[in-house]
Amino acid sequence: MKMLTDESVKIPIMQRDYAQGRENKRVKNIRSLFLDAIFKAINDEKPLALDFVYGYTDSEKKSLYPLDGQQRLTTLYLIHWYVAARESHLDDVVYPEINPQVTAKELLSKFSYETRHSSRVFCAKLSGFKPNTFEENFAEYLEQEHWFIPSWRSDATIHSMLVVLQAIHEKYSAYALTNAWEKLVSKEHPVIVFHLLPMQDFGLSDELYIKMNSRGKELTDFENFKATFANSLNLADKSEFEKRVDGEWTDLFWSLFKGGSGDISSRLDSGFMNFYKYSFSILDKSEYKRWFAWLDILAKQSTSDFAAFKDVLYISDNYEDGKVKLFFNNSSVNLFRKCCTDYNSERTTNPFSLGEQLMLYAFLIHLERNTSDFDVRVRQLRNLLSNSDDTLREEYRTALLEATEMLIINGISDIKNISGRHFSVTQIENELSKSLLYSDNDARKLLHRLEDNPLLRGCTSSIKYQDLSEFRQKASLFISVFADKCDLDLVGRALLSIGDYSQKQSSNYRFGIDKDSIWRELLTPSTSRKHFDHLQKTLSALLTKLNVDLPITEQLNQIIKEFTDSCEAKNEFAWRYYAVKYEWFRNSESGCYRWDDKVAKQYETIMLNKTQLNGYHWDPYLYVISEMISQSSLEPSMDYDNRPLIFGDKINAENKNASFVFRGGDQRLVAYARAGNLVQMEDAYEFPIQQVNGIDSEDRIKKCVKAIRDILAQPES
């Protein structure tokens, strides 16, 4: 205590955090032994020598910067404050013969930490604080005081100090001390002594000593950032930055990470740095005051539990009226928090995606400028982000940022005039076409529900309408047909029953199976796919047939039945009939089929498991037949030749446009052919399928299944 009459003690920034309050077993044992030694010395009034304390003295500032002894000095500071407060000596003059006006609390205030602003402020507050009580949970009592800032719990040094203060409180009671203060500050017989060795007396710098001693800590990225960033500012802005970065901005990040697992201090620092890097991926370095403003705005949001995000966005599967659903992978409503935890531009794929970055930027602009019609514009932005896969890339970042800013500030009309690639032109046109719907309250609500459907994700181009009445009718029906967990395979069959809605991409034709991702593509126009208009026309016809007041599933099944019954009655079996009738025909993982549409060979088809031929693929007709004939096998192909169906004693069956071809030496096949059921070819047997104008007039699958069963039923010679 006496050393504080001559100079201040400042724990320098390069030192590690106060560690004697750590709660692992080893440190607990060390802490207990150290405190026992000190309190026993006080109780017995026998001096305790604490060895050497090395430090560097700044004579101009009259300050000592300990380079070794930080932990012991901090514990002594806490003991002196506790005893002075417990025995009501904080306002007493300690050494009247040295300075008759300096009180204990004034001397204690000369001890400070420079590692963090929060640690420094805590020490200043603690030095002059007079507790009203010394209850059992003393550390918790301190945390409840009005001057204690909740975010301080994330400061490792403050946390350790609270732990040690609680331990001091318990030791003081256990030793039943009396008049401990007089013994601690006795000038003639001090119970705690140590030797101070100023480093300059040995001609060593603090940097060299740290390298020799290895007890200093390497600054974290965050501490380095704060020091470097502050030094780049003018004096006024530097002062403002230093005040806020360890004040309300620390509180902001504390509110994000409190209650989580792991080292909250580390997570807080990392979160701050992530947001800094995100911000200056948008801003120029000279725009730091705008960044200050963003942090101030977000700090205010933290007091309302980030209502600006929660009141506008949702991610649940259940539709929330008046809010906008996010469709980003592993997303969070609190985009600011997601940015702080996930932003990493050094990874090949940033976990805080470009779409999320743009959405957060939109919120920052809105909070910054209080923009009008934000509920509409942020929804339009969501729609654009969800439907601009071709342009939502890092190389188009500048144009995307400009487009986002223009949309949120001025509206969507002028986005197309921005130079560079940004959002999908098709989706911009889709957004502009919705203006009519916003004039009608019911239509607007239906539109929002429609846009939040996970298969549409904001793109309503698949639904054609002439007026508000038609839109309300079709939108309501679409929502019913494509409801959550609906039978997408059933919907696809009903659509195929009405017409060919398949779309062509490269050499493949695709129609819907029971898979969300495929329907998502089919319901969204793309320059890489042809015949989106076929989908629009067929979907419109389906919705026109349905009644929203009747069970949708029953109506879809009835449409399918009417189609298959009609085909069978007219003996017209085009490829759509087989695709609708037979479940195994639709057993493609990709929904992709390939046939040569330049010649009339629609029955020579490949069903692809992937979108390219380098994956497994089958002839879908043979695949269905194989599933129906238990005594057969069909191996998938990975080349351009489809492998035949195999049955009997290595009989091969191939599907051709107007026939099946059988090959093999099985005598049952020979006998079946001799009976006049097959047409003899040079090295095979043909099994013709009757056709009219290139369309099957008999069900080739049924006919082939019967033929194979008949062949297998022939007596073996």
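Strand E15 (residues 651-655) and strand E16 (residues 659-663) run antiparallel and are joined by four bridges. Across this pairing, Glu654 stands opposite Val661 in E16. Helices (H or I, at least four residues) and strands (E, at least two) are DSSP runs, numbered from the N terminus, and two strands pair if DSSP finds at least two bridges between them. The structure is a predicted model, in which local features need pLDDT of at least 70 and side-chain atom pairs count only at pLDDT 80 or more, while totals for chains, interfaces and linings use all residues. Residues are numbered from 1 along each chain as its sequence is written, and side-chain values use heavy atoms, with hydrogens and water left out.

The sheet that holds E15 and E16 is open and has six strands in the order E13-E14-E15-E16-E18-E17, with antiparallel pairing. Strand E13 (632-634) and strand E17 (679-680) stand at its edges; each has a single partner strand, so one side of each is left without a neighbour in the sheet. Helix H27 packs on this sheet and touches E13, strand E14 (645-647), E15 and E16, its direction making about 145° with that of E13. Helix H29 (residues 700-713) also packs on the sheet, touching E14, E15, E16 and strand E18 (685-688), and its direction makes about 25° with that of E16. Contact here means heavy atoms within 4.5 Å; axes are lines fitted to C-alpha atoms, for helices over the stretch in contact, and angles run from 0 to 180 degrees between N-to-C directions.

The loop between H27 and E13 contains Gln631. This residue counts as exposed because its relative accessibility is 57%, where buried means under 20% relative accessible area, exposed over 50%, and partly exposed in between (1.4 Å probe, protein chains only). Not counting residues up to four places away in sequence, Gln631 touches Ile646, Phe647, Gly648 and Leu712. The C-alpha atoms of Gln631 and Ile708 are separated by 9.6 Å, although the two residues lie 77 residues apart along the chain.

Parallel pairing is found for strand E1 (residues 8-11). Two bridges join E1 to strand E3 (residues 63-68) in the parallel sense, with Leu64 in E3 as the bridge partner of Val9. Three bridges join E1 to strand E4 (residues 111-113), also in parallel, and Ile11 has Tyr113 in E4 as its bridge partner.

Glu143 belongs to helix H5 (residues 138-143). Glu143 is classed as buried because its relative accessible area is 19%. Leaving aside neighbours within four places in sequence, Glu143 is in contact with Phe148, Arg153 and Leu162. The C-alpha atoms of Glu143 and Arg153, ten residues apart along the chain, are separated by 8.7 Å.

On a 1 Å grid over the protein atoms alone, a cavity is a set of points where a 1.4 Å probe fits but cannot get out, and a pocket is an open set with protein on both sides within 12 Å along at least five of seven lines; lining residues have an atom within 4 Å of a point. Grid points are joined across faces, edges and corners, and a volume is the space filled by probe spheres set on the points.

The largest pocket has a volume of about 1,300 Å³. Its lining comprises 47 residues, of which Leu385, Ser388, Asp389, Asp390 and Leu392 lie nearest the centre. Helix H16 (354-369), helix H17 (374-386), helix H19 (425-433) and helix H23 (516-522) each supply at least two lining residues, and H16 gives the most, with four.

One cavity of 30 Å³ or more is counted. The largest cavity has a volume of about 90 Å³, and of the 13 residues that line it, Arg116, Ser118, Ser154, Thr250 and Leu268 are the closest to its centre. Helix H12 (residues 264-279) gives the most to this lining, with three residues.
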